[in-house]
Structures are given as C-alpha cells and as structure tokens.
Amino acid sequence: MSTLTTTPAAVAPAAAMPSVHRRALITWLAVYPTITVALALLGPEMGGLPVFLKTLVLTVIVVPVSAYLLVPMLMKANQRLTVRFTH
C-alpha cells in the first residue's frame with residue numbers, strides 16, 4: 001500500500017490569516033453596503049411585512065451574497081494589499 005507524501009518544499013506557503021479585527025472590518029465592508037442596497041431596492045415592497053419577515057428576506061439575500069461573493073473578494077484584495085505594502 002502506498003501513501004501520498006509531500007515534502008515541505010513542495011507545499012506552497014499558506015497566506016497569513018488576517019487578524020480578527022481586520023476580518024470583522026472586511027465582513028462589515030461586505031455586509032453594510034449589501035444591506036443598504038437590498039433595503040433601497042426592496043424596502044418599499046416589504047413595507048407592510050412584519051419585521052421578522054423583512055429580516056428573513058434580507059438575510060436570505062445578504063448572507064449568501066456576502067459569504068460567497070463579497071467576503072472572498074475582499075479577502076483576496078486584502079491579501080494583495082498586504083503583500084504589496086509589506087514587501
């Protein structure tokens with residue numbers, strides 16, 4: 001039976017994880033504008049709904065857009081900026 005092994009030289013160096021404070025800022029930079037746009041577009045149509053349904057509609061939109069699109073984009077941008085300004 002063979003096992004897959006890698007040597008340290010064959011493994012690409014992992015990017016350093018941003019601090020918890022920077023990750024919180026990145027998350028806020030994704031979530032705040034997304035909520036603002038969603039409210040601007042959907043606010044009038046949701047005017048008569050109870051607050052828990054408004055929140056449900058907003059979170060169904062904001063969480064996936066932020067988690068799968070915006071936060072990864074902002075994390076990559078953060079990594080590029082960090083590399084640029086530290087080297």
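**Exercise 1.** In this predicted model, find where W28 and Y32 lie and state how many residues apart they are.

Solution. Both W28 and Y32 belong to helix 1. Their separation is four residues, about one turn of the helix.

**Exercise 2.** Classify the aromatic pair found in a search of the whole structure.

Solution. The search returns one aromatic pair. Its members are W28 and Y32, with 5.3 Å centre to centre and 15° between the planes. Planes under 30 degrees apart count as stacked, so the W28 and Y32 pair is stacked.

**Exercise 3.** Decide whether Y32 is buried, partly exposed or exposed.

Solution. The relative accessible area of Y32 is 48%. Buried means under 20% and exposed over 50%; Y32 is therefore partly exposed.

**Exercise 4.** Compare the reach of helix 1 with the expected value, then list its buried residues and name an element that covers them.

Solution. Helix 1 spans residues 20-42, which is 23 residues. From first C-alpha to last it reaches 32 Å, close to the 33 Å expected at 1.5 Å a residue. Its buried residues are I26, A30, T34 and A38. The cover over these residues includes helix 2.

**Exercise 5.** Identify the nonpolar surface patch that contains M73, and place M73 in the secondary structure.

Solution. The patch consists of L56, V60, I61, V65, L69 and M73. Together they have about 500 Å² of accessible area. M73 lies in helix 2, residues 51-86.

**Exercise 6.** Describe the protein as a whole by its elements, burial and contacts.

Solution. There are two helices and zero strands. Of the 87 residues, 13% are buried. Among contacts with a separation of 6 or more, 71% join residues 24 or more positions apart.

Technical notes: Residues numbered from 1 in each chain as written. Predicted model: local features only at pLDDT ≥ 70, side-chain atom pairs only at ≥ 80, totals over all residues. Heavy atoms only, no water. Patch = residues over 30% accessible without salt bridge, like charges linked within 9 Å, V, L, I, M, F, W, Y side chains within 5 Å. Areas by Shrake-Rupley, 256 points an atom, 1.4 Å probe, with all protein chains shown as cover. Salt bridge = Lys/Arg side-chain N within 4 Å of Asp/Glu carboxyl O. Expected span 1.5 Å × (residues − 1). Buried < 20%, exposed > 50% of the residue type's maximum accessible area, 1.4 Å probe, protein only. Contact = heavy atoms within 4.5 Å. Phe/Tyr/Trp six-rings, centres within 6.5 Å; stacked < 30°, edge-to-face > 60°.
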